[in-house]
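Dear colleague,

I am handing over the structure below, together with some notes on what turned up in it. Please keep it open beside this message as you read.

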Amino acid sequence: MMTKVLVLGATGATGRLVVQQFLQQGVDVVAIVRPESIVEQHMAHEPGYVEVRANVAELGDAGWATHLNGCDAVVCCLGHSPTFGGMFGQPRSLVVNAIENVARVLATRDADHKAKIVLMNSSGVSNRDIREKPPLSQRLVVALLRVLLPPHADNENAADFVRLSIGQAHRNIEWVVVRPDSLTDEDSVTEYDLEPSPLRNAIFDAGATSRINVANFMCRLVTEPELWRNWKGQMPVIYNSQV
C-alpha cells in the first residue's frame, strides 16, 4: 500500500488536483511549493499533508534526501510560469534538473526499495524509444519550439533523462511519463483514453485533456499496481473520451 508521495509543482493547476486526490485516498503527501506560492488554506489542515516551502532549483542533495525520506513515489507536475520571465528566464532547466536530483538521491537507496517517478509532460514530446513519427507540420513547429521556447526543450530533456539515464532496468527506480494533449479545466473526473502514442497532431489538431483527469491518472498509477505494470517505462498519452 502506497504510504507517502512527494509532489513537485503542488500549487500548479494540475499539481493541486494531484494533492487533493492523494489525500482523499488516504495517501500522505509531502508537497514542495515555492516560498511565494498561495496555497489553498484547507490543505494545511488535512491529515497526512506536509508542506515544504523551497525553491527546487536551490535544493541540495541533503534537502532532497530529507524530503524524500519515506516516500514511495515522486509525482512531478513542475512547469514554467506562463510569463515572459517564466518562459525565458532562469532556471531554464527547471524540470530536468529536479528529476535528475530526485533520481540521484533515490539511486542511493537499497535495491529492494523501488521508487516510482511519474512525470507530467506533453503530447508534443515524442517517445524516442518507440520511434514515433509525428506529422511533418508538427515536427517543423516542434523543431522551432525546441530552439525558441526553453520550456519545450526542458520537457524534452526531462523525458530523455528518464528514458536514457534511468532506463528500463534501473535497480531501484521505475517511471512513467504522462503526456496530456491540450489541457482544459473541468470540475470532476470523466472517462479518459490512454494511448501509447499520440493519435492526433499535437500542434494543429490537439485533443482535449482535462487537468483533473491527468491528476486522476497519475494518482492511479501510483496507487494501482496493475495499472503501473501496464504502463511502467512508457510515455502514455491521455485524452478525454469522446462521448
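Which residues of S6 are buried on one side, and which on the other? On one face they are Ile-173, Trp-175, Val-177 and Arg-179, and on the other Glu-174, Val-176, Val-178 and Pro-180, where buried means under 20% relative accessible area, exposed over 50% and partly exposed in between, with a 1.4 Å probe and protein chains only.

Please bear in mind that this is a predicted model, in which local features need pLDDT of at least 70 and side-chain atom pairs count only at pLDDT 80 or more, while totals for chains, interfaces and linings use all residues. Residues are numbered from 1 along each chain as its sequence is written, and side-chain values use heavy atoms, with hydrogens and water left out.

Helices (H or I, at least four residues) and strands (E, at least two) are DSSP runs, numbered from the N terminus. Strand S6 (173-180) belongs to an open sheet of eight strands, in the order S3-S2-S1-S4-S5-S6-S10-S8 and with mixed pairing, two strands being paired if DSSP finds at least two bridges between them. The edge strands, S3 (49-53) and S8 (192-195), each pair on one side only.

On one side, S6 is joined to S5 by six bridges, the two strands running parallel, and Lys-116 stands opposite Glu-174 in S6. S6 also pairs with strand S10 (residues 237-240) in the parallel sense over two bridges, and there the bridge partner of Pro-180 is Ile-238 in S10. Elsewhere in the sheet, S1 (residues 4-8) and S4 (residues 73-76) run parallel and are joined by four bridges, with Val-75 in S4 as the bridge partner of Val-7.

Turning to the helices, the axes of H5 (residues 136-148) and H6 (residues 150-166) come within 6 Å and cross at roughly 100°; axes are lines fitted to C-alpha atoms, for helices over the stretch in contact (heavy atoms within 4.5 Å), and angles run from 0 to 180 degrees between N-to-C directions. H5 and H6 are therefore roughly perpendicular, a term for angles of 65 to 115 degrees. In this contact, Val-142, Leu-145, Arg-146 and Leu-148 of H5 meet Pro-150, His-152, Ala-153 and Glu-156 of H6.

Finally, 11 of the 13 residues of H7 are buried, so H7 is largely enclosed by the rest of the structure; among them are Phe-217, Met-218 and Cys-219.

With best regards

Technical notes
Angles under 35 degrees count as roughly parallel, over 145 as roughly antiparallel, 65 to 115 as roughly perpendicular and the rest as oblique.
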